Amino acid sequence: MIRPVKAMPESDTGANNIKILRDNNYVGGSERIWPAVDGQAVSGLFPEEHVSFVLSPGKHSIGVGCGRSGGQLAIDVHGEKKRYFVLSPHDFSSSQCAGIVETSEAEALKQVRGSTLIKTGCISDCKRKSVLYDSNPDYFCYFSARP
């Protein structure tokens, strides 16, 4: 359930061109889900958390992983154009644990206001802090599972 994650280049000046947000879905709320780029998890997020990073131009896959298979999108990155994605856990009746959809900047900015930034190469702990995989954070955080 906890796995190593890959750090991505991040800009402190707002030049990040990819932002992946996890919505506040009660389903799976106590579990991390794992945003991934080109098949490699880049962070572990609880509800109302996000990652933001620079992705090089070209073809990539943006996806999500958890206990079962997760959704993926093929994208083509063009320069510094900003792209926004939302992760949503599914219930157990679905074959995928979570899905990912691209969203508009306006909708993403509404969600990011109440969201906590987690650094890539880190996972969230139960206090909404970026921690390393080696720090052995809790598997579940039940504060996140609120209706």
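Hi everyone, and thanks for coming. Please keep in mind that this is a predicted model.

Let me begin with an open sheet of 3 strands, in the order β4-β12-β13, where the pairing is mixed. At its edges stand β4, residues 43-44, and β13, residues 130-131; each has a single partner strand, so one side of each is left without a neighbour in the sheet. Between β4 and β12, which covers residues 122-124, the pairing is parallel over 2 bridges. If you want to find the spot on screen, look for Ser-43, whose bridge partner in β12 is Cys-122.

Now to strand β6, residues 58-65. How many of the 8 residues of β6 are buried? The count is 6, so this strand is largely enclosed by the rest of the structure. β6 runs antiparallel to β2, residues 34-37, with 4 bridges joining them, and here Pro-35 has Val-64 as its bridge partner. β6 is also joined to β8, residues 72-77, by 6 bridges, again antiparallel.

Is His-50 buried or exposed? Its relative accessible area is 6%, and since buried means under 20%, His-50 counts as buried. What does its side chain make a polar contact with? The partner is the side chain of Ser-115, at 2.8 Å. Beyond its neighbours within four places in sequence, His-50 is in contact with several residues, including Lys-19, Ile-20, Leu-21, Leu-45 and Val-112, as well as Ser-115 itself.

That's my tour, and I'm happy to chat about any of it.

Methods:
Residues are numbered from 1 along each chain as its sequence is written. This is a predicted model: local features need pLDDT of at least 70, side-chain atom pairs count only at pLDDT 80 or more; totals for chains, interfaces and linings use all residues. Side-chain values use heavy atoms; hydrogens and water are left out. Two strands pair if DSSP finds at least two bridges between them. Buried means under 20% relative accessible area, exposed over 50%, partly exposed in between (1.4 Å probe, protein chains only). A polar contact is a pair of N or O atoms within 3.5 Å; within protein, one must be able to donate a hydrogen and the other to accept it, and residues adjacent in sequence count only if both atoms are side-chain atoms. Contact means heavy atoms within 4.5 Å.
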